[in-house]
Amino acid sequence: MDLTDELEQAFNDQVTMEFEAAVVYRQLSIDMAAKDLPGIAGWFTAQAEEEQVHAAKFVDHMLDRGATPLIQALRPSGTHADTVLEAFEAALAHEKKVSESIREIYRLAQRTGDIDSLPLLNWFIEEQLEEEATVSAIIARITLIGEDGSGLIRLDAELGRRPGAVGAPSKN
């Protein structure tokens, strides 16, 4: 079954949004590297790379359905964080935006009877629930830590152990 024009546009919008999310996370990674928090920077770098994988999943689905994905002009939010808490609050806000976009595509797929898109969209809904829960838990820990430097250093070390967290920008 081919994608309807409306669903194809929604998927293109989502591909673009996933790339925008990658840029947002990359900026947050840079912000945290500038604060000498390489573990947290690495966590955000890994998150940026994951967003690119998400975009590829949508692209692959579209190609499998005979559509030609078009990456539109990226309009990242200009997110910049001065504190660790601000960084994760920005991440959560962006994840919620992505989650709602995916829910809208799901509703559109249901309205148009496009059952072929539902398995992919179900996977993304579960993924987004996990993403929001993870970031919310980190925010709760940061709130408990407050301005305690040793607590932030421990959190930095813990988040730096995330698989794929290597490759954070270095501050030379």
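Predicted model: local features only at pLDDT ≥ 70, side-chain atom pairs only at ≥ 80, totals over all residues.
At a relative accessibility of 9%, arginine 65 counts as buried, because buried here means under 20% relative accessible area. Which residues is arginine 65 in contact with, leaving aside its neighbours within four places in sequence? The partners are Met1, Asp2 and Leu3, together with Asp114, Asp116 and Ser117.

Further along, leucine 74 also lies in the loop between H2 and H3. Is leucine 74 buried or partly exposed? With a relative accessible area of 39%, leucine 74 is partly exposed, so it falls between the 20% limit for buried residues and the 50% limit for exposed ones. Leucine 74 also takes part in a nonpolar surface patch of about 250 Å², which it makes with Val23 and Ile71.

Histidine 80 is another residue of the loop between H2 and H3. Apart from neighbours within four places in sequence, histidine 80 is in contact with Gln27, Asp31 and Glu86. Its side chain makes a polar contact with the side chain of aspartate 31, at 2.9 Å. A polar contact at 3.3 Å joins the side chain of histidine 80 to the side chain of aspartate 82.

Note on methods:
Residues numbered from 1 in each chain as written. Heavy atoms only, no water. Buried < 20%, exposed > 50% of the residue type's maximum accessible area, 1.4 Å probe, protein only. Contact = heavy atoms within 4.5 Å. Patch = residues over 30% accessible without salt bridge, like charges linked within 9 Å, V, L, I, M, F, W, Y side chains within 5 Å. Areas by Shrake-Rupley, 256 points an atom, 1.4 Å probe, with all protein chains shown as cover. Salt bridge = Lys/Arg side-chain N within 4 Å of Asp/Glu carboxyl O. Helix = DSSP H or I, 4+ residues; strand = E, 2+ residues; numbered from the N terminus. Polar contact = N/O pair within 3.5 Å; in protein donor to acceptor, adjacent residues only side chain to side chain.
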